[in-house]
Every structure is written in C-alpha cells, then in structure tokens.
Amino acid sequence: MVDAAQGAQTEFKGKVLALSGGVGGAKLCRGLAASLSVEQLTILANTGDDFDYWDLRICPDLDSVMYALADLNDEERGWGLRDETWRTLIAMRRLGGDEWFQIGDQDLATHVLRTQLLHAGHSLSAVTKQIINGLGIRHSLLPMTEQPVATKVNTDQGWLDFQQYFVRDKCQPEVRELYFEGADAAVLNPQVRQLLEDEDLAAIVVCPSNPFVSIDPILSLADCRSLLKHSAAPLIAVSPIIAGRAVKGPAAKMMRELDMPATALAVAEYYGDLLDGYVLDEADVEYADAIVAMGIKVCVAPTLMTTLDSKIALAESVLNFAASIKA
Ligand code: FO1
C-alpha cells in the first residue's frame, strides 16, 4: 500500500506524468508512487489491450498498475492479484465456457464492477477513480482515452486481436505490423492534456513498457506526440530492454520480427526526437555515447526491478535525472 506520507522521499519538485503499459511499467509506477506525493504523480495507462471477455470489459494495463499501487499484485505471475483463487474459472471450464483468458475470483469483482459502471454510462476515468478509491489508492491513475482503442497484431497467421496474440497464442505468431483500431477517432484523456500544458509539470516518464503495444497506442492518439514535445517538462524513457532481452513479455522478439536489433539503443532510436533523456541499464552502458550523439541525455542505472526498494531506487534515479535535465 502506498502511503502518501511515505511518498515524497525525494525533494523532487513539481508534477510528474508517467506513461505505462503492462508489468514493467507497473513496477516503476509503484516506485514513483512511493517517491512522489499524491498531488505530484499522475499515471496514464494504455487501454489498447482492453477487450470484452465473458461479456465483461477487461482493462489489463489499468489493472496491472492499480494492483501494483495497492501492493495486491501477484509478482510471480506478473498480472492479477496475489493469493488469488480460480473457482469460477474451474466452474466455467466444467460448463464448457471460455477459459483461455484466466480471470481469478477476486479479479472478477474488478471486471464485473467496471462493466456495471460503464454500462450505467460512467466514463472509464470515473470508473477507474471509484475502483482505485476502493483499493485505497490516492495517486491519480487515468486511462489514455475515453474512447475504445483496440490493438490489432498482423502476424504470419493473419490479423489477431491483442489478447488472442498475447495470451491465447502466447506471443508465438510472428509480428509483421500493429494497428490501433479507433485511435484516429480517440482523443487523449482531457485531464492529461491539461497536465501537459501545466507549467508545474516537471517530468514526463515513459515507463519500461513494450514500446509497440503499450506506449505506441498512447502516442498514436491525435496530437499526443505534439503535446508531449511542446511540454516544458523533459521526457525521459526507461529502456525496456536489458542486455538484449525484455525482462518480461515479447518486446525483444517483436523487435527482431520488425527487423530492429533487440537492443536498448534501438529503442532509443525508435522513440527518437520525443526523448530528452534515456535511462540505460548498467549492462548497456556501451550504447551511452551513441545515444548522447543523438542529442539525448543518458542516465545509467540498475533498471531490473525485483524488489520494492529497487523500484523506488529506479524511480528516484529517474526523478533526479529529470531534475538535472530541467535545471
Ligand atoms: N496474461 C496471460 O498471459 N494469461 C492470462 O490468462 C491473463 C489473464 C489476465 C486477466 C486479467 C488481467 O488484467 C490481465 C491478464 N493477463 C493475462 C495479462 C494481460 O494479458 C497483460 O497484462 C496485458 O494485456 C499486456 O501487458
């Protein structure tokens, strides 16, 4: 549980916007929430992974972040809740229902309540606010947009919905192309637009999430990139690749399939002129000079987050790095 009093362990001044996707992003968000007051930190979560399953609206990246902020997440699995039980799933299996996407008994409450509130006409931002209040979370967590955006993956087996690719087919199909259905009609969450124009915004942090399926859906929203670039706050990305491998998930495999080297340098090149700063793991210090030559400042720090302390340590490295760039 993130205690606001526990926050503000650094003397970091100003507001921070964090862009987050799945598991890696949620870990850094947990570290940022421990280091920043509730007034300072806003987290913007990808909703391109969202889909309907059992007629319930599932928002995996919102759930990964909020369960992490509430210290309820299952660190082993990477998603869902700790101490989860699966009696509903087992009962569903017995009846011959869908079971390829595993919904735990406690997790089910999140999806049922979210679906009820959405059907009652509440916005996803309002629904998220009610759910995180229930979890005792006081930091701001927002969906990237109120409109539906669905990540589609074109593979050697044709076009797949994101969760079919990621969960049902275990990321095995070879990725050729990604498409964010609905992104051209979706607008960036107005609360985030306002924050990007706020002169108190002192850092924008792109968390170590998958650039293609977690961060790009956010960047694909109309005028998101221009708002990010014109914000007074330095934009810092933390490399999701360490020594050629993603800590978890298909990012490195996708890079190879998209004809990119699976390196921290290639990710910095991919984000390109969005970046003011880039955080490399110590294992990738060899790339620092090439990234500096691109006009991007570099911070080398341990980026593998396996404990709460390492999440907080990385968050503080990022915040100190942002302060040094802004100065
Ligand atoms: N990921 C899996 O690999 N298998 C699952 O059965 C699964 C179920 C699940 C249920 C709720 C939820 O919020 C997330 C779940 N995830 C599962 C993770 C999810 O697919 C990923 O977290 C994101 O979509 C990618 O970051």
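Through how many residues does a hairpin join S6 to S7?

Modeller: Happy to! This is a predicted model, where local features need pLDDT of at least 70 and side-chain atom pairs count only at pLDDT 80 or more, while totals for chains, interfaces and linings use all residues. Residues are numbered from 1 along each chain as its sequence is written, and side-chain values use heavy atoms, with hydrogens and water left out.

The hairpin joins S6 to S7 through two residues. Strands here are DSSP E runs of at least two residues, and helices are H or I runs of at least four, both numbered from the N terminus. S6 covers residues 150-155 and S7 residues 158-161; the two run antiparallel, joined by four bridges. Within that pairing, asparagine 154 stands opposite tryptophan 159 in S7.

Strands count as paired if DSSP finds at least two bridges between them. On that basis, three strands form an open sheet in the order S7-S6-S8, with antiparallel pairing. S7 and S8 (175-181) are the edge strands, each pairing on one side only. Neighbouring strands of this sheet are turned by 25° against each other on average, direction ignored.

Between S6 and S8, which run antiparallel, there are six bridges. Here alanine 150 stands opposite glutamate 181 in S8. Helix H8 (residues 211-219) packs on the sheet, touching S6 and S8, and its direction makes about 30° with that of S8. Contact means heavy atoms within 4.5 Å; axes are lines fitted to C-alpha atoms, for helices over the stretch in contact, with angles from 0 to 180 degrees between N-to-C directions.
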